[in-house]
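These are my notebook entries on a structure that is new to me. I set down what I looked up, topic by topic.

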Amino acid sequence: RIDAELSRTTFECVDMLRLVRALVSERDDRGVNGTSDITVSHRGFGDMLVSGDAQRLERVLHNLLDNAISFSATGAPVEIQLTRYESRVEISISDHGPGINSDSREKVFERFHSLRPEAEEFGTHSGLGLAIARTIVEAHFGTLTAHERRDGGDGARLVISLPSWRFD
């Protein structure tokens with residue numbers, strides 16, 4: 001269904017920095033970030049504009065933040081960093097949870113796959129969030145990948161890479 005809807009979507013210019021900041025603020029207002037403090041930073045030259053469907057990209061970010069918060073220890077921060085490269089905008093979301101071992105970094109994007117601890121009920125986690133997120137990102141001519149944290153600490157880093165907006 002998502003594929004069909006995206007095939008009919010008209011992409012527009014989306015300011016990812018503005019979208020991320022608004023999303024984090026809205027989540028704070030609703031109290032869905034629990035005890036996690038979400039920080040947003042950006043680097044690189046130029047704006048953070050991409051071609052896309054803002055509502056769908058927002059869904060991706062919600063899914064990634066929900067995962068980061070649920071896997072992080074109580075009170076652990078979640079960091080979002082946006083980086084502008086020559087022709088790409090990268091959004092990385094890093095948590096302070098158990099991380100994703102290298103053998104599972106592709107599996108987590110499969111439908112109904114979950115690395116949740118046995119103590120957690122699977123019923124509250126469908127195993128679809130990352131699969132849906134990747135489908136949406138790929139429909140935006142981007143990639144969604146899982147990595148270790150850049151600082152080498154415990155946790156995971158999920159990275160969205162999207163083509164930057166072109167005015168030609």
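Which strands does H2 lie across, and at about what angle does H2 run to S2? I looked this up in the model, which is a predicted one. H2 lies across S2, S4 and S5, and its direction makes an angle of about 170 degrees with S2.

**Entry: the chain as a whole**

I counted the elements next. There are 4 helices and 7 strands in the chain. Read from the N terminus, their order is α-β-α-β-β-α-β-β-α-β-β. The chain has 168 residues, of which 40% count as buried. I also looked up the contacts with a separation of 6 or more, and 70% of them join residues 24 or more positions apart.

**Entry: the sheet**

I then traced the sheet. It is open and consists of 5 strands, ordered S2-S4-S5-S7-S6, with mixed pairing. Its edges are S2 (38-43) and S6, each of which pairs on one side only. From one strand to the next the twist averages 20 degrees. For one pair I looked up the details: S5 and S7 are antiparallel and share 7 bridges. Within this pair, Val89 has Leu162 of S7 as its bridge partner.

**Entry: the nonpolar core**

I asked which residues touch the most other members of the largest nonpolar core. The core holds 36 residues, and the ones in question are Met16, Leu61, Ile80, Ile91 and Ile160. Two or more residues each come from the helices H2 (16-30), H3 (54-71) and H4 (129-139) and from the strands S4 (78-84), S5 (88-94), S6 (143-148) and S7 (156-163). H3 gives the largest share, 7 residues. In general, nonpolar side chains of soluble globular proteins tend to be buried together.

I followed Met16 further. With neighbours within four places in sequence left aside, Met16 is in contact with Met48, Val50, Leu57, Leu61, Leu82 and Ile91.

**Entry: H3 against H4**

I examined how these two helices meet. Their axes are 9 Å apart and they pack at an angle of about 150 degrees; the crossing is left-handed. On the H3 side the contact is made by Arg56, Arg59, Val60, Asn63, Leu64 and Asn67. On the H4 side it is made by Gly129, Leu130, Ile132, Ala133, Ile136 and Val137. By type, the residues of this contact are 7 nonpolar, 3 polar and 2 charged.

I also checked burial in H4. Leu130, Ala131, Ala133, Arg134, Ile136 and Val137 are buried there. After H4 comes Phe141, which has a positive phi, near 60 degrees.

**Entry: Phe11**

Is Phe11 buried or partly exposed? Phe11 counts as partly exposed because its relative accessibility is 23%, whereas buried requires a value under 20%. Phe11 is located in the loop between H1 (2-7) and S1 (12-15).

I looked up what Phe11 touches beyond residues up to four places away in sequence. The list is Ser51, Gly52, Asp53, Ala139, His140 and Phe141. Of these, Ser51 is 40 residues from Phe11 along the chain, yet their C-alpha atoms are separated by 5.7 Å. Phe141, also touched by Phe11, is the residue I noted above for its positive phi after H4.

How values were computed
Residues numbered from 1 in each chain as written. Predicted model: local features only at pLDDT ≥ 70, side-chain atom pairs only at ≥ 80, totals over all residues. Heavy atoms only, no water. Core = buried A, V, L, I, M, F, W, Y, C linked by side-chain atoms within 4.5 Å. Buried < 20%, exposed > 50% of the residue type's maximum accessible area, 1.4 Å probe, protein only. Contact = heavy atoms within 4.5 Å. Pairing = 2+ DSSP bridges. Axes fitted to C-alpha atoms, helices over the stretch in contact; angles between N-to-C directions. Left-handed = near helix turned anticlockwise from the far one by under 90°. Nonpolar A, V, L, I, M, F, W, Y, C, P; charged D, E, K, R; others polar.
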